[in-house]
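This report describes a predicted model of one protein chain.

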Amino acid sequence: MARPTLLPDKLFFRIGEVSELVGVRPHVLRYWEEEFGILKPMKTRGAHRQYRRRDVELALVIKKLLHEDGFTVAGARKKLRELGHLEAVAIGRQAAEASTRALELRAELLAVRADLTSLLARIDASSREESAVRERAKPSTSEVQASEVVVRIETSARSER
């Protein structure tokens, strides 16, 4: 079976990476390791967890069973036994694809948001420039007063004639 292209193409994942991919906190993954014997990441000499791709896929299945399908931990454990390992991994791959697609969509939406913010900033700057040009084009108060005085003088001069 082809590997899902949506999970990063690597052999091992750190707990923080798995936490992001699955969408749960690291302590939840550690709890699941205790509750689901099938989820067993490798550990380095320094006791750091290294999850294999199939562990990540299995964690996605467990999350789907618990969070989306509403199973209890005991019910999810029973369902995993019924499914068998290969079927669970296949479901995990589907969940991995959906999860990664959601991450990709979020990234795309954030890029669109950044573009829109940039456009809005440019529109605001353009609007401010137009306002500044209009302000500079308006005659000053003293110019308006001087022109009114000239008009009054001309008007009074005409009326005297």
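## Asp55 and the salt bridges

Asp55 has a relative accessible area of 0% and is therefore buried; the term buried denotes under 20% relative accessible area, exposed over 50%, and partly exposed the range in between (1.4 Å probe, protein chains only). Its salt-bridge partner is Arg52, with the closest N and O atoms 3.3 Å apart. A salt bridge here is a side-chain nitrogen of Lys or Arg within 4 Å of a carboxyl oxygen of Asp or Glu. Arg52 counts as partly exposed because its relative accessibility is 22%.

The whole structure holds 5 salt bridges. Another of them links Glu33 and Arg49, whose closest N and O atoms are 2.9 Å apart. Since Glu33 belongs to helix α2 and Arg49 to strand β3, this pair ties together parts that are 16 residues apart in sequence. Glu33 counts as buried, at 13% relative accessibility. The side chains of Lys10 and Glu17 also form a salt bridge, at 2.6 Å from N to O. Lys10 is partly exposed at 31% relative accessibility, and Glu17 is partly exposed at 22%.

## Basis of the model

Because the model is predicted, local features need pLDDT of at least 70 and side-chain atom pairs count only at pLDDT 80 or more, while totals for chains, interfaces and linings use all residues. Residues are numbered from 1 along each chain as its sequence is written, and side-chain values use heavy atoms, with hydrogens and water left out.

## Fold and sheet

The protein chain contains 6 helices and 3 strands; these are DSSP runs numbered from the N terminus, with helices (H or I) of at least four residues and strands (E) of at least two. Along the sequence, the elements follow the pattern β-α-α-β-β-α-α-α-α.

The 3 strands of an open sheet are ordered β1-β3-β2, with antiparallel pairing; two strands pair if DSSP finds at least two bridges between them. At the edges lie β1 (12-13) and β2 (42-43), each pairing on one side only. Strand β3 (residues 49-52) pairs with β1 in the antiparallel sense over 2 bridges. The bridge partner of Phe12 in β3 is Arg52.

## Nonpolar core

The largest nonpolar core has 22 residues, of which Leu29, Trp32, Tyr51, Val56 and Ile62 touch the most other members. Such a core is a set of buried Ala, Val, Leu, Ile, Met, Phe, Trp, Tyr and Cys residues joined through side-chain atoms within 4.5 Å. Two or more residues come from each of α1 (15-22), α2 (26-35), α3 (53-68) and α4 (73-83). With 8 residues, α3 gives the most to this core.

Leaving aside residues up to four places away in sequence, Leu29 touches Ile15, Val18, Ser19, Val24, Leu39, Tyr51 and Ala59; contact means heavy atoms within 4.5 Å. Among contacts in the protein chain between residues at least 6 apart in sequence, 60% join residues at least 24 apart.

## Surface

Of the 161 residues in the protein chain, 24% are buried. The chain exposes about 11,500 Å², and carbon and sulfur atoms supply 55% of it; accessible areas come from the Shrake-Rupley method with a 1.4 Å probe, and for residues only the protein chains shown count as cover.

Leu11, Phe12 and Met42 make a nonpolar surface patch of about 280 Å². Patches are made of residues with over 30% relative accessible area and no salt bridge, like charges being joined within 9 Å and nonpolar side chains (Val, Leu, Ile, Met, Phe, Trp, Tyr) within 5 Å. Met42 lies in strand β2 and is partly exposed, with a relative accessible area of 34%.
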